[in-house]
Amino acid sequence: YKQAEGNEDPEGTAILRLAKAYQKKDDNHTAAIYYEKVLKRRALEGNGEERRDNADALLFLAKHAKRQGDMQGCEKYCSRLLDIGGTVKDEAKSILMEMRMIARTIKDRGQSKE
């Protein structure tokens, strides 16, 4: 797949398969890099959010950002998922609620120490 990434891969399938392979190996950092590449390629091609694998990439990236404590990144991916609709919209809402609860807890702990 890595060879195919450098060659002509008009659909971006090699990059998508690399992302999924790294995700299966629990190498989430590398998987996130490849999912980002998938989204960038699709954006350049004009293949918007309607593709299921774009939604899968966004959902993975939202969850990865949440695990990393990256509130802004998480919100960015979730807002794109909200635009897609369907079941991913519900998952995005759930992730955002969790992140906001975490942020509130951290803020409350900080205020109680003062």
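Two aromatic pairs are counted in this structure. The model is a predicted one. Three salt bridges are also present.

**Aromatic pairs**
- Tyrosine 22 and tyrosine 34 form a stacked pair, 5.6 Å centre to centre with 10° between the planes.
- This pair links distant parts of the chain: tyrosine 22 sits in helix α2 (residues 13–24) and tyrosine 34 in helix α3 (residues 28–45), 12 residues apart.
- Tyrosine 22 and tyrosine 34 are buried.
- Tyrosine 35 and phenylalanine 60 form a tilted pair, with 4.9 Å between centres and 40° between the planes.
- Tyrosine 35 belongs to helix α3 and phenylalanine 60 to helix α4 (residues 52–68), so this pair ties together parts 25 residues apart in sequence.
- Both tyrosine 35 and phenylalanine 60 are buried.

- Aspartate 53 pairs with arginine 42 in a salt bridge, the closest N and O atoms being 2.9 Å apart.
- Aspartate 53 is in helix α4 and arginine 42 in helix α3, 11 residues apart.
- Aspartate 53 has a relative accessible area of 14%, which means it counts as buried.
- Arginine 42 is buried too, with a relative accessible area of 1%.

- Lysine 63 forms a salt bridge with glutamate 91; their closest N and O atoms are 3.6 Å apart.
- Here lysine 63 comes from helix α4 and glutamate 91 from helix α6 (residues 86–112), 28 residues apart.
- Lysine 63 is partly exposed at 35% relative accessibility, and glutamate 91 is partly exposed with a relative accessible area of 29%.
- Glutamate 98 forms a salt bridge with lysine 66, with 2.2 Å between the closest N and O atoms.
- Glutamate 98 lies in helix α6 and lysine 66 in helix α4, so the pair ties together parts that are 32 residues apart in sequence.
- Glutamate 98 is partly exposed, at 30% relative accessible area; lysine 66 is partly exposed, at 25%.

**Helix α5**
- Helix α5 (residues 71–84) has 14 residues and, at 1.5 Å a residue, should span 20 Å; its end C-alpha atoms are 20 Å apart, which agrees.
- Its buried residues include Gly73, Cys74, Tyr77, Cys78 and Leu81.
- Seen down the axis of α5, the buried residues fall within an arc of 120°, so they line one face of the helix.
- The face turned away from the buried side of α5 carries the exposed residues Gln72 and Asp83.

Key:
Residues numbered from 1 in each chain as written. Predicted model: local features only at pLDDT ≥ 70, side-chain atom pairs only at ≥ 80, totals over all residues. Heavy atoms only, no water. Helix = DSSP H or I, 4+ residues; strand = E, 2+ residues; numbered from the N terminus. Expected span 1.5 Å × (residues − 1). Buried < 20%, exposed > 50% of the residue type's maximum accessible area, 1.4 Å probe, protein only. Arc of directions from axis to C-beta. Phe/Tyr/Trp six-rings, centres within 6.5 Å; stacked < 30°, edge-to-face > 60°. Salt bridge = Lys/Arg side-chain N within 4 Å of Asp/Glu carboxyl O.
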